[in-house]
Amino acid sequence: MDTVAEARVLGKRVEYPKRYCPEILVAVPRSLNREMYGIAEGDGLFCGWDCWHAYEASFLLDSGLPVVGVLKLVYACDSRCIVESKSLKLYLGSYNMEAMGRTREEAVARFTKQVAEDLSRLLETEVRVGFHADGALTPLPFDFEDYRIMENGVEPQEVACTVYEECPALLGEGMRREAGEIKVASHLLKSNCKITGQPDWGSIYIRLKGACLPDEKALLRYIVSLRNENHFHEEICEMTYKRLTDLFHPEALAVSCLYTRRGGIDICPTRANRTEFLPPYLPQEHVLTGRNCRN
């Protein structure tokens, strides 16, 4: 696999730009991972969004007073590329000493417009951008209130976990050949960065409706089997989605992964075979949403 683009800044010691620096951004083709799982461009397997939160977004007013907040980025999963996360961190850091306007409103508008333009140009798709300075002070909507946390309903001895590399065969164990729908989640999601090997922690939310259903203990063992996988966040979400599709041929399927922040940025991909099964709030750039147990 060609990882030249992925490794240009990730895993390397790179000095933070002192001034605005869009040229540091790196695009990574989605095809590098999708080919491994038989996901072809334009095959209609899923729709969805990649939703990013940058918690350390900051710039200056013309007076020198800093503005700080959370920058939310949203772009569609049918874009040809994703933005590499460390390059995004370096790019956003290049605004730290940039004066963006006389008033807060003017500066926020200029900042978000420039970020949207730079990322849309890089990814050749529309990137929607929202800036949030006080969202944490108000109750936040949460898309997954009615999902049941699978590990909370079992005794440890009921789920023996011995496999820590992705094992799709686990999903077929105890398959329930009965029509129905499940809405389940787990906070046990862990994978590793494919370049640096650093751990990535998150929660996964799965909605599946079909003629047969996974055994929940087997599904939980499968999620645990991702523990030593080296993939980007978007890839983990799509791999899980593809495995469930191939085995259960569901009428409806949605998989969302809410990863925790690392380096001040989190990535939350969501995929579904029908738009109405996508979470309503997460893909809205002007809405901050409630998060998982680690946020």
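Two strands count as paired here if DSSP finds at least two bridges between them. By that test β2 and β3 clearly qualify, since ten bridges join them in an antiparallel arrangement. This is a predicted model, and its protein chain contains five helices and ten strands. The radius of gyration is 20 Å, close to the 19 Å that the globule rule gives for 295 residues, so the chain is as compact as a globular protein of that length. Here is a friendly tour, starting with the whole chain and ending with a few single residues.

**The chain as a whole**

- Along the principal axes, the C-alpha atoms of the protein chain fill a box of roughly 65 × 45 × 35 Å.
- Buried residues account for 55% of the 295 in the protein chain.
- The accessible surface of the chain is about 13400 Å², and carbon and sulfur atoms hold 51% of it.
- If you take the contacts between residues at least 6 apart in sequence, 76% of them join residues at least 24 apart.

**The sheet**

- Eight strands make up an open sheet with mixed pairing, in the order β5-β3-β2-β10-β9-β8-β7-β6.
- β5 and β6 (148-149) are the edge strands, each with a single partner, so one side of each has no neighbour in the sheet.

**Strand β2 and its partners**

- Ten of the 14 residues of β2 are buried, so this strand is largely enclosed by the rest of the structure.
- β2 pairs with β10 in the antiparallel sense over eight bridges.
- Ala54 is a handy landmark: Ile265 in β10 stands opposite Ala54, and Leu71 in β3 is also a bridge partner of Ala54.
- β2 and β3 form a hairpin with five residues between them, and Gly64 in the turn has a positive phi of about 95 degrees.

- Helix α5 (residues 233-248) lies across β2, β3, β7, β8, β9 (252-259) and β10, running at about 20 degrees to β10.

**Nonpolar cores**

- The largest nonpolar core has 38 residues, and those with the most contacts inside it are Phe59, Leu71, Leu73, Leu88, Phe111 and Val115.
- At least two residues of this core come from each of β2 (47-60), β3 (66-76), β4 (81-83), α2 (85-93), α3 (104-123), β5 (128-132) and β10 (265-272).
- The largest share of this core, seven residues, is supplied by α3.
- Not counting residues up to four places away in sequence, Phe59 touches Leu65, Pro66, Val67, Tyr95, Asn96, Glu98, Met100, Ala107, Val108, Phe111 and Phe131.
- Apart from this core lies another one, of 33 residues, among them Tyr37, Cys77, Leu170 and Leu219.

- Lys242 lies in helix α5, and its relative accessibility is 11%, under the 20% cut-off, so Lys242 counts as buried.
- Leaving aside neighbours within four places in sequence, Lys242 is in contact with Tyr37, Gly38, Ile39 and Leu45.
- Lys242 and Gly38 are 204 residues apart in sequence, yet their C-alpha atoms are 8.6 Å apart in space.

**Two loop residues with positive phi**

- Glu124 is found in the loop between α3 and β5, and it has a positive phi of about 55 degrees although it is not a glycine.
- The relative accessibility of Glu124 is 60%, over the 50% cut-off, so Glu124 counts as exposed.
- His249 lies in the loop between α5 and β9, and it has a positive phi of about 45 degrees, again without being a glycine.
- At 63% relative accessibility, His249 counts as exposed.

Terms used
Residues numbered from 1 in each chain as written. Predicted model: local features only at pLDDT ≥ 70, side-chain atom pairs only at ≥ 80, totals over all residues. Heavy atoms only, no water. Core = buried A, V, L, I, M, F, W, Y, C linked by side-chain atoms within 4.5 Å. Buried < 20%, exposed > 50% of the residue type's maximum accessible area, 1.4 Å probe, protein only. Helix = DSSP H or I, 4+ residues; strand = E, 2+ residues; numbered from the N terminus. Contact = heavy atoms within 4.5 Å. Axes fitted to C-alpha atoms, helices over the stretch in contact; angles between N-to-C directions. Rg over C-alpha atoms; globule rule 2.2 N^0.38 Å. Areas by Shrake-Rupley, 256 points an atom, 1.4 Å probe, with all protein chains shown as cover.
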